[in-house]
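Visitor: I have the sequence and the model open side by side, and I would like to go through a few residues with you.

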Amino acid sequence: MPAGRLSHIGPLSRLLTAIVLAIRFATLTSLTASLLAAAMGGALAIAMRLPTRLLQRRLISLNLLLGLLVVLLPFTWHGPTDSELLGLGWSRQGLHAALLIILKANGIVLTFMALLTTIGPERLGAALQQLRLSPKLVLMFVLCLRYIEVIRMEYQRLRVSMRLRAFHPRLDCHTLHTYGNLIGMLLVRSHIRSERVLQAMRCRGFNGKFPTALTTPWSRIDSFVLTSACLLVIFISIVH
């Protein structure tokens, strides 16, 4: 399918496709199938033309965290050890499990990034409502997606103001007191911003649900995408 047409995939089909693929990826127990899952996630990210910097930033953060598993899990795996390294028991099963987790996590994250980060919080919320989820839960989820970046920018402004006042963190009570004030001010400003957002939403007739105009009707391309995802799941099951 041409990359240009992928942008016309409906939010609901993207969400269902991501869920189907993520569930199958999470249950894999073979390194070959997990590597294939990670490759599929990468292919989806390329097809959706995600920014390279965004992919690098997210994947570096993810793999730095998961890299600890490769270091620790082979030495802490419950079971027989295959050999010793630096006086510690080393298990191939632990290394196998760590690599499985890393490959599956990369496949799932790339899949969700490719299919969901390009549709916007509002359309994603409308798709979640089509799945008959709790409206309050959907509202909280979408507002978190929409305003977490606003809170981060507010945090950055507060940090800049601290640096302009010659603040340098140290291991002392003054530093702890300053960071406590930072967190408190961030909470206060977030509360004030939330009140203004709520008032603006009420002025626009918001009644706790997303407008039905954001709901995208199901199309042939949506059926094609979801069917392709199911076929991919079957193919991975065969390889597995």
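Visitor: In which helix is T32 found?

Guide: This is a predicted model, in which local features need pLDDT of at least 70 and side-chain atom pairs count only at pLDDT 80 or more, while totals for chains, interfaces and linings use all residues. Residues are numbered from 1 along each chain as its sequence is written, and side-chain values use heavy atoms, with hydrogens and water left out. Helices are DSSP runs of H or I with at least four residues, numbered from the N terminus. With residues 31-47 forming the helix in question, T32 is found in helix α3.

Visitor: Is T32 buried or exposed?

Guide: Buried means under 20% relative accessible area, exposed over 50%, and partly exposed in between, with a 1.4 Å probe and protein chains only. Because its relative accessible area is 52%, T32 is exposed.

Visitor: How far apart in space are T32 and I236?

Guide: In sequence, T32 and I236 are 204 residues apart. In space, taken from C-alpha to C-alpha, the distance between T32 and I236 is 9.5 Å.

Visitor: Is T111 buried or exposed?

Guide: T111 has its place in helix α5, residues 92-116. Because its relative accessibility is 0%, T111 counts as buried.

Visitor: Which residues is T111 in contact with, leaving aside its neighbours within four places in sequence?

Guide: Contact here means heavy atoms within 4.5 Å. With those sequence neighbours left aside, the residues in contact with T111 are A18, L21, F25, G41 and L44.

Terms used:
Helices (H or I, at least four residues) and strands (E, at least two) are DSSP runs, numbered from the N terminus.
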